[in-house]
Amino acid sequence: MQPQAPRPPLVISHRDKNAQRIAALDEQAERLRLKPGMGIADARAMHPGIEAVEADSAADRRLLEGLADWCDRYTPLVALDGADGLFLDITGCAHLFGGEKALLDDLLARFFHQGFDVRAGLASTPGAAWAAARFRSPDIVEPGAEEKMLEPLPLAALRLEPATVAGLESVGLRNAGAILRSPRAPLARRFGAALLARIDQALGRTEEAISPRLPVAALSVERHLAEPVALMEDIERLVLLLATSLRADLERRGEGARALQLLLFRVDGMVSRVSVGTSRPLRAAEQVARLFHERLTALDGALEAGYGFDLVRLSVLTAAPFAMAQTDLAGDVLQGEEDLALFVDRISARLGAEAVHRPATVESHLPERAVARTPFAMVAGATALRAIPAPPEAQERPIRLLAHPEQIEVMAAEIPEGPPARFRWRRVLYDVVRAEGPERIAAEWWLEPAESPTRDYFRIEDRTGRRYWLFREGFYGEGKPSPRWFMQGLFA
């Protein structure tokens, strides 16, 4: 077996002001004294054997977001820091991992086994943590020791703009300690308030908020697994256990879940998110498990377990007040509505939120616009499952409305403004024996004045007893175009 040829030093290039410059480089390239910002042409002149690859910012962003998802295992407060960093707010989370040092060691070890070379720092302020991660990794800065840690570091440790760093170096201020010992007023006059703001943020004198990239769930329960699981049966069993734990928290808050999310953390760093919604607030663990069973079944192999999941978390993304209903003497309480709610939720989990609709009235005079289909997921509360009383005029409407009115050919009419005596629809001729009308309906002139003229509607019955809803669009008269007739719907 022939030995594998050594890999050449690798640099990542990007375009900066019409020139290709080094954006990042590996350890071999660093040992050659190459640095970020150096021109690719100069680097090749010094070391012709280097390998240069064009940077893909979109791919880098997707990778960073994937790492941020994976870091949710430590804290839900994860924020992106530029193009190459993450902020994790672990306040109140460190004790779950045995302390800050144990958490930091676990994070670094897991990243190492995934093939990443990570720099990390931990401090009581984001600015000090940023500096410790990039210049003293791995390091834990005790509260109150931020200034001592920053003093020997270069100016870049304060997260200053390159122009500000160049200006400070030009007057002999070459490290963070020199700035920290300098009077504040002259610094502010010459270099602006942003310099003092960065100093105060790093030392904790001013608050610096971390904005998580994803909303924090109202409630969450999770299970760390000693042995990773990969089978769907095991995952569904864990969902039932987590939903049982979640029920107690929901009962204590007097709420039910309207949207839930299952997070599956894979051993190799991938994170899968599976979400379901409910048509009414839900607490029952068995029903939650049934919804996720439908959703996981619908994925049909799209959920890749890889080497298995070692952390499973169930979160309530949206909650609503849970109304307790009075039961009757037999112990039944809206059983029909509950069954319908569960049916709707299961179908939606399997086929998507748009699979089940309900009719909803719309404020429009035109019949084809007066009713719209609304997904159950968009309707909140148990009232979504109850029948909505129809307006009085709807009692005289046909049971079936065509999606769009279909033009018909009227052969004769008793009087110009009256109903037709005979008409042709879909190549069939119908004789009218009875008619009621007209009922005049005008379009919303304040919205679309020229789209739809006034309509006169007639209820028509033919010789066989079938009944139709027709309308005439327009009016008879000299100098006016002939009115047109349309079929709108059919009565039962």
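## Basis of the description

The model is predicted, with local features requiring pLDDT of at least 70 and side-chain atom pairs counted only at pLDDT 80 or more, while totals for chains, interfaces and linings use all residues. Residues are numbered from 1 along each chain as its sequence is written, and side-chain values use heavy atoms, with hydrogens and water left out.

Helices (H or I, at least four residues) and strands (E, at least two) are DSSP runs numbered from the N terminus. Two strands are said to pair if DSSP finds at least two bridges between them. Angles run from 0 to 180 degrees between the N-to-C directions of axes, which are lines fitted to C-alpha atoms, for helices over the stretch in contact; contact means heavy atoms within 4.5 Å.

Four strands form an open sheet in the order β8-β11-β9-β10, and their pairing is antiparallel. At the edges stand β8 (219-229) and β10 (271-282); each has a single partner strand, so one side of each lacks a neighbour in the sheet. On average, neighbouring strands of this sheet are turned by 15° against each other, direction ignored.

Within the sheet, β9 pairs with β11 (residues 309-321) in the antiparallel sense over 11 bridges. L260 stands opposite V316 in β11. Helix α11 lies across β8, β9, β10 and β11, and runs at about 155° to β8.

## The cavity

A search of the whole structure finds 1 cavity of 30 Å³ or more. On a 1 Å grid over the protein atoms alone, a cavity is a set of points where a 1.4 Å probe fits but cannot get out, and lining residues have an atom within 4 Å of a point. Grid points are joined across faces, edges and corners, and a volume is the space filled by probe spheres set on the points. The largest cavity has a volume of about 40 Å³.

Its lining consists of A243, L246, R247, L250, A257, L260, L282, R283 and V288. By class, the lining has 7 nonpolar residues (Ala, Val, Leu, Ile, Met, Phe, Trp, Tyr, Cys or Pro), no polar ones and 2 charged ones (Asp, Glu, Lys or Arg).

## A salt bridge across the chain

Side chains of opposite charge can pair when their charged atoms come close. With a salt bridge defined as a side-chain nitrogen of Lys or Arg within 4 Å of a carboxyl oxygen of Asp or Glu, the count comes to 35. One of them joins R273 and D69, with the closest N and O atoms 3.0 Å apart. This pair links distant parts of the chain, since R273 is in strand β10 and D69 in helix α3 (residues 57-70), 204 residues apart.

## The three-stranded sheet

A second open sheet holds 3 strands in the order β2-β1-β3, with mixed pairing. Here β2 (20-25) and β3 (51-54) are the edge strands, each with a single partner strand, so one side of each is left without a neighbour in the sheet. Neighbouring strands are turned by 40° against each other on average, direction ignored.

Strand β1 (residues 10-15) pairs with β2 in the antiparallel sense over 5 bridges, and the bridge partner of R15 is Q20 in β2.

## Backbone features

Most residues other than glycine have a negative phi, and most peptide bonds are trans. K17, in the loop between β1 and β2, has a positive phi near 55°. S137 and P138 are joined by a cis peptide bond with omega of about -15°, and P138 lies in the loop between α5 (126-135) and β7 (139-140). The peptide bond from G437 to P438 is also cis, with omega near 10°; P438 is placed in strand β16 (residues 428-441).

How values were computed: On a 1 Å grid over the protein atoms alone, a cavity is a set of points where a 1.4 Å probe fits but cannot get out, and a pocket is an open set with protein on both sides within 12 Å along at least five of seven lines; lining residues have an atom within 4 Å of a point.
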